Amino acid sequence: MAEVKNSAPGGGSSGTAGAARSGGGASGAARSGGWTRFVTARPRLTLLVALVLTALAVLAGGGVADRMGSGGWEDPTAESTYAIEALEQRFPGSQPNLLLLVDAGPAGVDDPTVAAEARRLTERLDAEPGIEGVGSYWSTGSPALRSEDGRQAVIAARIAGEEKDAGAVLDRIAPAYRGTHGPVEVSLGGGLAVRHEMQTIIQEDLLRAEMIALPLTLVLLVMVFGSAVAALLPLGVGIVAILGTNAVLRGITEFTDVSVFAQNLTTALGLGLAIDYALFVVRRYREELATGADTYTAVRTTLRTAGRTVLFSALTVAVSLAAMLVFPQYFLRSFAYAGIAVVLLAATAALTLLPAALVLLGDRVNALDLRRLLRRGASGARDRGEGAGWAKAAALVMRRAPVFAVLTTAGLVLLGLPFLGVRFGTADDRQLPVTASSRVVQDQLREGFPGDPGGGITVLAEGTATPAQYAAYRERISALDGVVRAEGPVTAGGGHAYFTVVPEGEAVGAGAQRAVAELRAEPAPFETSVTGQAAVLVDSKDALAERLPWAAGIIVLVTLLLVFLLTGSVLIPVQAVVLNALSLTAMFGAVVWVFQDGHLAGLLGFTPTGDIETTLPVLMFCVAFGLSMDYGVFLLSRIKEEYDATGDHERSVRFGLRHTGGLITAAAVILAVVMVAIGTSRVTNTKMLGLGVALAVLMDAMVVRSLLVPSVMRLTGRLTWWAPGPLRRLHDRFGISESDGRNPGHPSGAEEVSEERRETASPRR
């Protein structure tokens with residue numbers, strides 16, 4: 001099919017900027033023409049192939065959640081991880097992950113009948129395939145396994161194997177042990193039971209979130225587009241992206257561990273970004289139709305302008321998410337896998353399926369207009385007035401640029417101040433709702449037992465030593481700061497032993513972390529490795545601190561490069577990074593104020609623990625920064641397009657906000673709805689992620705893009721677009737822009753400029 005050529009009326013250029021841009025537009029047209037022909041030559045075949053691939057993705061991605069893990073917060077190369085693996089091999093009883101809480105009631109755990117039943121349960125559990133290291137209060141007499149009131153005691157064991165295999169064993173044995181057994185009542189807890197129940201709850205909550213988000217998203221899209229047909233297109237792109245990403249994650253689970261939490265990001269970004277990209281493409285396509293362009297010309301222009309911006313935006317978001325690959329914890333790496341896949345699939349669907357659908361629909365994309373009854377006046381007047389409010393708002397902000405810039409920046413910094421008091425911890429059973437069965441068990445263990453039956457701090461000793469040397473070492477570590485007592489050693493052949501250390505306070509509190517440092521610094525006549533929850537937390541914090549500068553550096557450097565290629569400016573990339581960072585302050589401040597300090601805990605339904613899980617701020621930064629860049633690219637691309645056409649800096653800013661302000665706000669509201677739906681989860685970390693990112697997205701769209709960007713660009717003036725000669729030549733050769741070769745003679749050039757001048761002009765008072 002021959003491609004229709006779109007020559008601008010008048011044929012002139014608007015000075016140097018317009019001439020330079022016309023050359024770039026010609027080369028851009030040549031590059032994009034082949035892609036346009038590829039995706040629109042056989043639109044029915046394109047959609048059919050997409051339908052088949054989506055159906056295959058449904059089959060391939062089925063049951064992906066069952067293959068995912070619910071852990072991944074630890075550093076696999078750390079000392080604590082090495083010690084855990086060594087202890088699992090030689091002393092499985094030292095690392096129990098399954099706890100049977102035996103409640104004897106008023107009779108007490110020392111009653112002969114109760115003791116006999118408990119021993120029978122212990123022997124039966126010890127005979128189960130896949131169970132090792134079984135011990136109990138009745139077999140060891142350990143006071144740590146008996147409640148202080150004498151009504152409850154614990155049977156501890158370890159289910160061996162990988163997390164998925166251990167979960168299968170737990171599913172098999174749980175019904176046989178949970179419930180009433182003669183004179184006792186048995187409940188199941190322990191780390192494995194907590195993670196397994198958490199995985200189940202996350203899957204249930206994700207399904208509910210999708211059921212909430214999809215209909216609400218459709219309603220909002222109808223409100224944005226008016227047309228039911230246009231509203232269905234972004235939703236379809238989002239569903240394709242989500243199903244495709246599930247299939248990708250299913251394949252990744254064959255090679256490495258993937259966290260079940262990543263599915264939440266798949267849903268959120270799959271819907272959010274696909275809708276962002278589709279909104280941008282469909283809106284630009286409808287603008288082109290409104291100028292009188294035919295279907296193929298409108299699609300070609302849309303792909304050459306908005307299409308390139310979508311591709312550019314996808315790269316910036318993917319880079320922000322890819323930065324999480326530098327961290328060793330598979331919890332963070334999982335979000336990189338899911339995020340990169342869903343971003344690229346959303347962009348691919350928006351740039352292939354959407355153009356094919358638009359070719360088939362033509363001007364019927366405006367069919368089934370559900371806002372018809374609410375409209376007043378002629379359609380032409382409506383179209384001309386669309387976005388006028390944003391242009392007026394931009395003009396107001398730019399007239400009072402210093403005031404808006406200072407007040408907005410001060411407000412954002414103030415909202416972020418609570419983050420200065422952040423305390424990092426690790427996720428435990430209190431992530432679960434208070435009614436979760438494993439959470440109930442852990443609460444009873446925490447409140448009613450003198451120690452932690454799941455193990456406090458464990459010191460692995462490797463190397464030959466005499467009993468006297470072991471005893472002397474135990475005495476020294478018992479006297480360390482933050483240590484209540486030390487027990488052991490438990491020995492095995494080959495020069496292996498371990499000591500159990502009970503720290504002051506909570507298992508992962510400040511006292512326990514100090515004890516870890518003291519234990520690691522204590523000299524010994526043998527090799528020692530310290531593990532336990534506190535040691536895992538210390539190692540995880542160290543790993544994050546070591547690699548965080550690399551992740552931040554990757555994000556900042558690539559963002560600077562990509563925004564330079566988009567704008568050709570040296571200053572705008574710096575502005576983008578700084579303003580994006582400011583947009584995240586409210587999110588981080590709210591995370592500490594709400595989830596660490598416990599404000600609104602009753603309303604939101606979670607248990608505050610006094611700290612924030614160590615990896616969550618890193619994850620939230622990468623996700624929210626990428627989404628902020630998404631909106632930033634949309635706005636900057638339209639500002640750059642107008643600046644190339646007119647060379648008028650202030651008018652370009654008004655033009656950009658006029659044409660993207662409503663779009664960005666609508667996209668942000670829709671994404672926030674999806675994230676809030678994710679935030680209805682009963683698991684605290686998922687709730688924190690959903691609500692925190694929703695707040696960041698809204699602050700970015702409604703405060704940073706609407707107030708801070710135009711005021712800062714007004715203050716920097718034409719210097720905004722400056723670049724030294726070598727860099728400008730580099731941009732001329734390799735840069736990407738949304739410019740489509742128009743000049744102000746085009747109907748959406750001079751006519752729209754004069755219309756904007758009439759609408760934004762107002763007498764000064």
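Helices and strands here are DSSP runs, numbered from the N terminus. With that in hand, welcome to this predicted model. The protein chain contains 26 helices and eleven strands. Of its 765 residues, 56% count as buried. Let's take a tour, starting with the whole chain and ending with a few single residues.

**The chain as a whole**
- The protein chain exposes about 30400 Å², and carbon and sulfur atoms supply 62% of that area.
- Among contacts in the protein chain with a separation of 6 or more, 81% come from residues 24 or more positions apart.

**A sheet of five strands**
- Five strands make an open sheet with antiparallel pairing, and their order is S2-S3-S1-S5-S4.
- Which strands sit at the edges? They are strand S2 (131-136) and strand S4 (179-181), and each of them pairs on one side only.
- From one strand to the next, the twist averages 25 degrees.
- Look at S2 beside strand S3 (residues 152-159): the two run antiparallel, and four bridges join them.
- To find a bridge for yourself, go to Glu132, whose bridge partner in S3 is Arg158.

**A sheet of four strands**
- Another open sheet has four strands in the order S8-S9-S7-S10, again with antiparallel pairing.
- Its edge strands are S8 and strand S10 (527-532), each pairing on one side only.
- Neighbouring strands in this sheet are turned by 20 degrees against each other on average, direction ignored.
- How many bridges join strand S7 (residues 457-462) to strand S9 (residues 496-503)? There are six, and these two strands run antiparallel.
- Helix H3 (residues 79-90) lies across S7, S9 and S10, and runs at about 95 degrees to S10.
- Helix H17 (residues 510-521) lies across S7, S8, S9 and S10, and runs at about 10 degrees to S7.

**Two packed helices**
- A packed pair of helices is described by the angle between the axes and the distance between them.
- For helix H8 (residues 228-252) and helix H11 (residues 330-361), the angle is about 140 degrees and the axes are 8 Å apart.
- H8 and H11 make a right-handed crossing.
- What kinds of residues make up the contact of H8 with H11? They divide into 21 nonpolar, two polar and no charged.

**Ala230, a residue of H8**
- Ala230 lies in helix H8.
- Is Ala230 buried or exposed? Ala230 counts as buried because its relative accessibility is 0%, and the cut-off for buried is under 20%.
- Leaving aside neighbours within four places in sequence, Ala230 is in contact with Phe225, Val282, Arg286 and Val365.
- The C-alpha atoms of Ala230 and Ala278 are separated by 9.5 Å, and these residues are 48 residues apart along the chain.

**Two backbone details**
- Gly488 and Pro489 are joined by a cis peptide bond, with omega about 10 degrees.
- Where is Leu600? Leu600 is in the loop between helix H20 (585-596) and helix H21 (601-604).
- Leu600 has a phi near 70 degrees, which is a positive value in a residue other than glycine.
- With a relative accessible area of 43%, Leu600 is partly exposed, because that value falls between the 20% and 50% cut-offs.

Notes: Residues are numbered from 1 along each chain as its sequence is written. This is a predicted model: local features need pLDDT of at least 70, side-chain atom pairs count only at pLDDT 80 or more; totals for chains, interfaces and linings use all residues. Side-chain values use heavy atoms; hydrogens and water are left out. Two strands pair if DSSP finds at least two bridges between them. Axes are lines fitted to C-alpha atoms, for helices over the stretch in contact, and angles run from 0 to 180 degrees between N-to-C directions. A crossing is left-handed if the near helix is turned anticlockwise from the far one by less than a right angle, and right-handed if clockwise. Ala, Val, Leu, Ile, Met, Phe, Trp, Tyr, Cys and Pro count as nonpolar, Asp, Glu, Lys and Arg as charged, and the others, Gly among them, as polar. Buried means under 20% relative accessible area, exposed over 50%, partly exposed in between (1.4 Å probe, protein chains only). Contact means heavy atoms within 4.5 Å. Accessible areas come from the Shrake-Rupley method with a 1.4 Å probe; for residues, only the protein chains shown count as cover.
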